[in-house]
Amino acid sequence: VAKMSAPTMEERKACWGARDEFWQCLDKHADDASKCEKLRMSFESRCPQQWVKYFDKRRDFLKYKKKLETEGYHPPEAAGKS
């Protein structure tokens, strides 16, 4: 059931807690989502669907950003060569 009202403070805390547990599981298992299915279901059931989509994109962005910080930017080999 999609409810359009803003989540209460308790609902937000439950959502963020479920997200954090799910992300910690992914970190521990090298992003093997199959090892974290129960936490994923909990995350999805406690958060509005739009938030789940946002947090998934956010995690990908944060991982990309961390990779840039640790490895630096490496442009694709083919770039600039004709």
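Me: Which cysteine forms a disulfide with Cys 15?
Reply: The model is a predicted one. A disulfide is counted where two cysteine sulfur atoms lie within 2.5 Å. The sulfur atom of Cys 15 has a partner 2.0 Å away, and that partner belongs to Cys 47.

Me: How many residues apart are Cys 15 and Cys 47, and where do they lie?
Reply: Cys 15 sits in helix H1, which covers residues 9–28. Cys 47 is in the loop between H2 and H3. The pair thus links distant parts of the chain, with a separation of 32 residues.

Me: Is the link of Cys 15 and Cys 47 right-handed or left-handed?
Reply: Both cysteines are buried. The angle about the S-S bond is 110°. With that value, the link of Cys 15 and Cys 47 is right-handed.

Me: What parts of the chain does the disulfide of Cys 25 and Cys 36 tie together?
Reply: The sulfur atoms of Cys 25 and Cys 36 are 2.0 Å apart, and the two residues form a disulfide. Cys 36 is in the loop between H1 and H2 and Cys 25 is in a helix, so the pair ties together parts 11 residues apart in sequence: that loop and helix H1.

Me: What is the handedness of the link between Cys 25 and Cys 36?
Reply: The structure holds 2 disulfides, and Cys 25 with Cys 36 is one of them. The angle about the S-S bond is -90° here. The link of Cys 25 and Cys 36 is left-handed.

Me: Is Cys 36 buried or exposed?
Reply: Buried means a relative accessible area under 20%. Cys 36 has 1% relative accessibility, so Cys 36 counts as buried.

Me: What pattern do the disulfides of the chain follow?
Reply: Cys 15 is bonded to Cys 47, and Cys 25 to Cys 36. With bonded cysteines counted along the chain, the pattern is 1-4, 2-3.

Me: What pattern does the chain follow when read along the sequence?
Reply: The secondary structure comes to 3 helices and 0 strands. Read along the sequence, the pattern is α-α-α.

Me: How do the residues of the contact of H2 with H3 divide?
Reply: H2 contributes Arg 40, Phe 43 and Glu 44. H3 contributes Val 52, Phe 55 and Asp 56. The division is 3 nonpolar, no polar and 3 charged.

Me: What is the phi of Ala 30, and how exposed is this residue?
Reply: Ala 30 is in the loop between H1 and H2. Its phi is positive, about 50°, although Ala 30 is not a glycine. The relative accessible area of Ala 30 is 68%, so the residue is exposed.

Me: Where is Asp 31, and what is its relative accessible area?
Reply: Asp 31 is placed in the loop between H1 and H2. Asp 31 is not a glycine but has a positive phi of about 65°. Asp 31 is partly exposed, with a relative accessible area of 31%.

Me: What percentage of the residues of the chain count as buried?
Reply: The accessible surface of the chain is about 6800 Å², and 56% of this belongs to carbon and sulfur atoms. The chain has 82 residues, and the buried ones come to 18%.

Notes:
Residues numbered from 1 in each chain as written. Predicted model: local features only at pLDDT ≥ 70, side-chain atom pairs only at ≥ 80, totals over all residues. Heavy atoms only, no water. Contact = heavy atoms within 4.5 Å. Helix = DSSP H or I, 4+ residues; strand = E, 2+ residues; numbered from the N terminus. Nonpolar A, V, L, I, M, F, W, Y, C, P; charged D, E, K, R; others polar. Buried < 20%, exposed > 50% of the residue type's maximum accessible area, 1.4 Å probe, protein only. Areas by Shrake-Rupley, 256 points an atom, 1.4 Å probe, with all protein chains shown as cover.
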